[in-house]
Amino acid sequence: MGRVLEDDDNGFVIESEINISALPTHVFDALGELQRWWDPEHSFGRDARNLSLNTSPDGLFLESLGTNQGVVHARVVDAQRGKLLRLSGALGPLQSLGAHGTLTLRMEPLAESTTLTLNYIVIGRNLRGWADAVEQVLSEQLIRLKSFLETGTSNPV
């Protein structure tokens, strides 16, 4: 499903693709409900209910960690409902490395389903070795999103 396209000290590029039995607009809308499908183990607070993603331009992928505490994981820089969602930011532990990333989620219609392609380009220093782990985490999230859209639960069967 996912693959590492590039990996060196200065950054990496990963890509994952999944077919989801849902219309592209439904996939786009579900991206904004990540608290319902994101694996809580891959959040700082270990609670997906604290996550939010405003899919409008300049919207934020946020994690609340209490009163006046939290993390801005990324900012929406391109939003085209049912077609594309692009975020700018270093996810999770990549922030502490001074990295910068561009995460693109592209939706292509296919009959009554959608091919969702995730591309994440990360640049910085001393990043060799991060690509496989990040690809695995993001591919897992796509599987959970697919399960959420197709079955109503984020736990894949």
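**Labels and their cut-offs**

Me: Why does Arg-36 get the label it has for accessibility?
Reply: Arg-36 has 47% relative accessibility. Buried means under 20% relative accessible area, exposed means over 50%, and partly exposed is in between (1.4 Å probe, protein chains only). So Arg-36 counts as partly exposed.

Me: What kind of model is this, and how are its residues numbered?
Reply: It is a predicted model: local features need pLDDT of at least 70, side-chain atom pairs count only at pLDDT 80 or more, and totals for chains, interfaces and linings use all residues. Residues are numbered from 1 along each chain as its sequence is written, and side-chain values use heavy atoms, with hydrogens and water left out.

Me: What makes Arg-36 and Glu-33 a salt bridge?
Reply: Their closest N and O atoms are 2.6 Å apart. The rule asks for a side-chain nitrogen of Lys or Arg within 4 Å of a carboxyl oxygen of Asp or Glu. The pair therefore qualifies. Glu-33, at 26% relative accessibility, counts as partly exposed. In general, side chains of opposite charge can pair when their charged atoms come close.

Me: How many salt bridges does a search of the whole structure find?
Reply: It finds nine. One of them joins Asp-78 and Arg-86, at 3.5 Å from N to O. Asp-78 is partly exposed at 21%, and Arg-86 is partly exposed at 23%.

Me: How do you know that Arg-75 and Asp-58 pair, and where do they sit?
Reply: Their side chains meet at 3.0 Å, N to O, in a salt bridge. The pair links distant parts of the chain, 17 residues apart: Arg-75 is in strand β5 (residues 70–80), and Asp-58 is in the loop between β3 (51–53) and β4 (60–64). Helices (H or I, at least four residues) and strands (E, at least two) are DSSP runs, numbered from the N terminus. Arg-75 is partly exposed at 36%, whereas Asp-58 is exposed at 52%.

Me: What makes the phi of Asn-68 worth a remark?
Reply: Phi of Asn-68 is near 55°, a positive value in a residue other than glycine. Most residues other than glycine have a negative phi. Asn-68 lies in the loop between β4 and β5. With a relative accessible area of 81%, Asn-68 is exposed.

Me: What about Ala-111?
Reply: Ala-111 also is not a glycine, and its phi is positive, about 55°. It is found in the loop between β7 and β8 (113–123).

Me: How do you know that the span of α2 agrees with its length?
Reply: The expected span of a helix is 1.5 Å times one less than its number of residues. For the 21 residues of α2 that gives 30 Å, and the end C-alpha atoms are 30 Å apart, so the two agree. After α2 comes Gly-152, with a positive phi near 90°.

Me: Which elements cover the buried residues of α2?
Reply: The cover includes β1 (2–8), β2 (11–20), α1 (24–31), β7 and β8. Contact here means heavy atoms within 4.5 Å. Among the buried residues of α2 are Val-134, Leu-138, Leu-142 and Phe-148.

Me: Why is one space called a cavity and another a pocket?
Reply: Both are found on a 1 Å grid over the protein atoms alone. A cavity is a set of points where a 1.4 Å probe fits but cannot get out, and a pocket is an open set with protein on both sides within 12 Å along at least five of seven lines. Lining residues have an atom within 4 Å of a point. Grid points are joined across faces, edges and corners, and a volume is the space filled by probe spheres set on the points.

Me: What is the volume of the largest cavity, and which residues are closest to its centre?
Reply: Its volume is about 170 Å³. Of its 15 lining residues, Leu-31, Trp-37, Trp-38, Leu-103 and Leu-105 are closest to the centre. α2 gives the largest share of the lining, four residues.
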